[in-house]
Amino acid sequence: MALDQDSLTQLLDTVERFVTERLRPMEREVAEEDRIPDQIAREMRELGLFGLSIPEEYGGLGLTISEEVQVARRLGHTSPAFRSLAGTNIGIGSQAIVMDGTPEQKAHYLPRLASGEIIGSFALTEPEAGSDAGSLKTTARREGNDSYVISGAKRFITNAPHAGVFTVFARTDLQSKDARGVSAFLVDAGLPGLSVGKADKKMGQKGAHTADVIFDDVRVPADAIVGGPAMENQGFKTAMRVLDRGRLHISSVCVGVAERLIDDALRYAMERKQFGQPIAEFQLVQAMLADSKTEAFAARCMVEETARRKDRGDNVSTEAACCKLFASEMVGRVADRAVQIHGGAGYMAEYDVERFYRDVRLFRIYEGTSQVQQLVIARNMIREARM
Ligand code: COS
């Protein structure tokens, strides 16, 4: 359900103020300590940020995707690690339940995901199954009528160290080798046999955590399959639809980060003097600013138009992949130019652009690499042309 205009404006203003007054001053500390302070997490919960996309009847804000991308863009005006803490509850950690969960699964998990009481995590990627997600090897062996036993290893799982529930993709048709034969399970953290590895050491996005998740004969009830027993072997489609939606959210975060970097680069260019005048007066610097502005604006338009179409009920699998491809590559170029405009200072850790330059590299990789987006776009084009 869409918010009325006043409530939406109020929400966006509140998020903007929170980002400016609370999150931006903490950016450096979070990066240095690789940890988001508990007080900030509490404030994020109070603002309802964990439940943006979860229906109101389950305690969320029930935003449409058009509304959600506007919030996501504002969260992009600060270090991506803050968004990441709530990001899985908003997106990949809750949406399988929202889209395909049974009424019981929704009632059991969504209120706690919406409030941020628990963190939801999406366990698809494996050591040998990254872009080729359909080849995953984790198995869920049926034992009797009422349980499955899950065995395998997942890798680079966002928010795994904090998770209360994992959406785990595992092979239920043990003869299959591809995407058909995969089911989605809701697995509570803390079950016997489930362990989470040490947080990975990453290039950037310090404060956001990923880790391996190991399933050593983890027994779950048969009704842990997302959507119930009828959804056995249908889990890969759930994963793909969750990722379609997540790609729009991430694209909007990319636009927000680009806006922040353009702002930082512009301010620096107006203050920094060389050859007797601010470097913003030089046309070669102006070209970099103008290209960045143009590309960020283009990505914003793509995201907003695709979100509108999705809210209308259109299938936007192709367009969501176009957005993720363009927006994530765009923010890479914008970050590169922001460093360039800062010159030597841009290479120094005391300037925010140095940190953002590393942070944005991930956008081209997670929730589907740029190459996976190209593949999705071209495959859909060919399929439509054959119809
Ligand atoms: N929505 C609904 N269903 C979809 C879909 C979508 N967006 N995309 C694919 N499907 C369905 C297909 O229609 C197919 O169903 P049928 O068997 O009934 O025809 C099934 O899912 C398998 O699809 P496909 O044959 O295209 O699977 P592939 O193994 O070829 O996988 C890619 C294709 C590469 C697109 C997929 O593996 C992928 O997205 N990989 C990247 C994963 C990723 O983003 N990882 C990031 C980490 S998770 S944060």
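1. Start with the second largest pocket. In this predicted model, 15 residues line that pocket. If you want to find the middle of it, look for Ile36, Asp38, Ala41, Leu85 and His162, which lie nearest its centre. The space inside comes to about 260 Å³.

2. Who supplies the lining? Helix H3 (residues 38-46) gives the most, with four residues.

3. Now, where does the second largest pocket sit relative to the domains? It lies between domain 1 (5-115) and domain 2 (120-232), because both of them give residues to its lining.

4. Move along to the helices. Helix H9 (residues 283-311) packs against helix H10 (residues 317-342) at an angle of about 160°, and their axes are 9 Å apart. Angles over 145 degrees count as roughly antiparallel, so that is the label for H9 and H10. The crossing of H9 past H10 is left-handed. In their contact you'll find 16 nonpolar residues, along with six charged and three polar ones.

5. H10 has another partner to look at: helix H8 (residues 235-271). What angle do H8 and H10 pack at? It is about 20°, with the axes 8 Å apart. Under 35 degrees counts as roughly parallel, so H8 and H10 get that description. H8 also passes H10 in a left-handed crossing. As for the residues in this contact, 20 are nonpolar, four are polar and four are charged.

Methods:
Residues numbered from 1 in each chain as written. Predicted model: local features only at pLDDT ≥ 70, side-chain atom pairs only at ≥ 80, totals over all residues. Heavy atoms only, no water. 1 Å grid on protein atoms, 1.4 Å probe; cavity = no way out; pocket = protein on both sides within 12 Å on 5 of 7 lines; lining within 4 Å. Points joined across faces, edges and corners; volume = space filled by probe spheres on them. Helix = DSSP H or I, 4+ residues; strand = E, 2+ residues; numbered from the N terminus. Domains from an automatic or database assignment. Axes fitted to C-alpha atoms, helices over the stretch in contact; angles between N-to-C directions. Parallel < 35°, antiparallel > 145°, perpendicular 65-115°, else oblique. Left-handed = near helix turned anticlockwise from the far one by under 90°. Nonpolar A, V, L, I, M, F, W, Y, C, P; charged D, E, K, R; others polar.
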